[in-house]
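These are my notebook entries on one protein. I set down what I looked up, entry by entry.

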Amino acid sequence: MVDKARFELATSSLRTKRSTGLIYLPTSGDTAIDNRDINSSSLQPPASVQLLIAHAIGATMDYRQFIGRNVVSIKDLTKDEVECLLDLAERMIPYAKGEKRTKTLDGKIIANLFFEPSTRTRLSFESAAHRLGAQILDVSQMSATSIAKGETLADTIRMVDAYCDAIVMRHPYEGAARLATKYAKSPVINAGDGAASHPTQTLLDLFTIRNCKGKIDGLNITLVGDLKYGRTVHSLVDALMMYDVKLTFVAPDSLQMPADIVENLRNHGYDPRITSDLGEVIKDSDVLYVTRIQKERFPDPAEYKKVAGTYRIDKLALLEAKSDVIVMHPLPRVDEISTDIDGTPNAKYFEQAFNGIPVRMALLCAVLGGEI
Ligand code: CP
């Protein structure tokens, strides 16, 4: 039998928020926790038991619960899970900057399947994997795979799954990442599927807002640009519904936020302000989240020409805004943010892009069972 005092000591590190006393008392028949664990120098029970105890006592969520999980949509995560990953990302910053080193994912192989162009997502996943000691299998175009010979995505995923421990995939079609989860035993992380979803971008967006503003609740967040085809804003709205925020959507009528997303917001008690006039709302905004018009998703190039260059944030526009407004952009930008604000304290988009590394490190570490 494990005595109460020693068990309390062994589990005390888990009670970071609430102390509710001894909830779980192992017996001599419990094989998960035995004298070797209790007598170890750290007095820590095994990770699996710590996790069970953490849940039982309502302690801060443990990132080890993510082992083997797919992340296809931000809606696959609860608010507590999002916050848990953001907390882990915070701890990853010195590793992401190379100030500390870890080999926690030594021996793991991550397949980076990018069937659509990418700079930030592909390279930051690759950097994140290297910083954690993992190896990368990199595919950066569909034409370089046997898909070009007619192989199905399902068969491609079956094969890749046999070669790696986790799959990161970007694909032009909505639902491709969800499909991949049906054929992969390894965790699948959606790195963007068509106009639908980009959950890892959303995590780094939330991380940036939280770090720059010290909170997310209570903010007035304005999304500007292509709200119809921009997957980053669709995922971000899904995530912001976990918080107490005011939302404003600024777009030409033809590129406004899809009606089903607006309806869902209203059904959940949000009342987004919808306008095409940025000047009308810029002064109220704490966060300006600007997006590129997604030229590649327009069925008709003439339609793109009608709306290209509609909005441009420059120093003059910022004169109308709060002095501490932050300007974000998932990047790449075309001409919607003038380079004349790059050096201002308001411009956070390069910091945001860097944040992709600690956030993706956190996610890879969590789904692959790393320890930090
Ligand atoms: N923000 C983003 O997804 O950028 P990339 O397309 O370069 O990956």
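Entry on the model. I note that this is a predicted model, in which local features need pLDDT of at least 70, side-chain atom pairs count only at pLDDT 80 or more, and totals for chains, interfaces and linings use all residues. Residues are numbered from 1 along each chain as its sequence is written. The pLDDT is the predictor's confidence in each residue, from 0 to 100. Its mean over the protein is 86, and 84% of the residues reach 70 or more. Over residues 1-44 the pLDDT is below 50. Where pLDDT is low, the predicted coordinates should not be read in detail.

I call a residue buried if 20 or more other C-beta atoms lie within 10 Å of its own, exposed if 12 or fewer, and partly exposed in between, with C-beta atoms placed from the backbone. By this rule, 41% of the 372 residues count as buried. A nonpolar core is a set of buried Ala, Val, Leu, Ile, Met, Phe, Trp, Tyr and Cys residues joined through C-beta atoms within 7 Å. The largest one has 91 residues, and V327 is among those with the most contacts inside it. Helix α14 (residues 349-367) gives the most to this core, with 11 residues.

Entry on helix α9. Helices (H or I, at least four residues) and strands (E, at least two) are DSSP runs, numbered from the N terminus. I found 14 helices and nine strands. Nine of the 10 residues of helix α9 (residues 231-240) are buried, so this helix is largely enclosed by the rest of the structure.

Entry on F298. I located F298 in the loop between β8 (287-290) and α12 (301-307). F298 is buried, with 20 other C-beta atoms within 10 Å.

Note on methods. Two residues are in contact if their C-beta atoms, placed from the backbone, lie within 7 Å.
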